[in-house]
Amino acid sequence: MLKCKICGDRYAKQFGQCAKCTAKIGKKKKKNCTGSGCGKTIVKKITKSAIRKGVMETVCPGCGITVEFSVDL
């Protein structure tokens, strides 16, 4: 059994990462802005570093507040 370089789970094949991480990387996640009166939909791609941290952060182009996305495996 090998250890995934991204999430730390154990897996059987020799690709450097498990199937869960491979499926998540590059997918887009949507969230509506929570700013007062903004409500814009923000789309962000999931990256390897976001999976390691468990959270993605981006700035809303409409109102300028920081929006957090949770990355669940």
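Trainee: Why is Cys63 called partly exposed?

Mentor: Happy to walk through it, bearing in mind that this is a predicted model. Cys63 has a relative accessible area of 36%. Buried means under 20% and exposed means over 50%, so Cys63 is partly exposed.

Trainee: And what makes Cys60 count as buried?

Mentor: Its relative accessibility is 2%. The cut-off for buried is under 20%, so Cys60 counts as buried.

Trainee: How do you know that the sulfur of Cys63 is too far from the closest cysteine sulfur for a bond?

Mentor: That closest sulfur belongs to Cys33 and lies 3.5 Å away. A disulfide needs the two sulfur atoms within 2.5 Å, so this pair is too far apart for a bond.

Trainee: How many disulfides does the rule give in total?

Mentor: The count is zero. Cys60 is in no disulfide either, with the sulfur of Cys33, the nearest from a cysteine, 3.6 Å away.

Trainee: Let's turn to Gly39. Why is Gly39 called partly exposed?

Mentor: Its relative accessible area is 46%. You will find Gly39 in the loop between strand 3 (28–32) and strand 4 (41–45). Beyond its neighbours within four places in sequence, Gly39 is in contact with Asn32 and Cys33.

Trainee: Which residues have the most contacts inside the largest nonpolar core?

Mentor: That core has 15 residues, and those with the most contacts inside it are Cys4, Cys21, Ile42, Ile51, Met56, Val67 and Val71. Helix 2 (48–53) and strand 6 (66–70) are the elements that give two or more residues to this core.

Note on methods:
Residues numbered from 1 in each chain as written. Predicted model: local features only at pLDDT ≥ 70, side-chain atom pairs only at ≥ 80, totals over all residues. Heavy atoms only, no water. Core = buried A, V, L, I, M, F, W, Y, C linked by side-chain atoms within 4.5 Å. Buried < 20%, exposed > 50% of the residue type's maximum accessible area, 1.4 Å probe, protein only. Helix = DSSP H or I, 4+ residues; strand = E, 2+ residues; numbered from the N terminus. Contact = heavy atoms within 4.5 Å.
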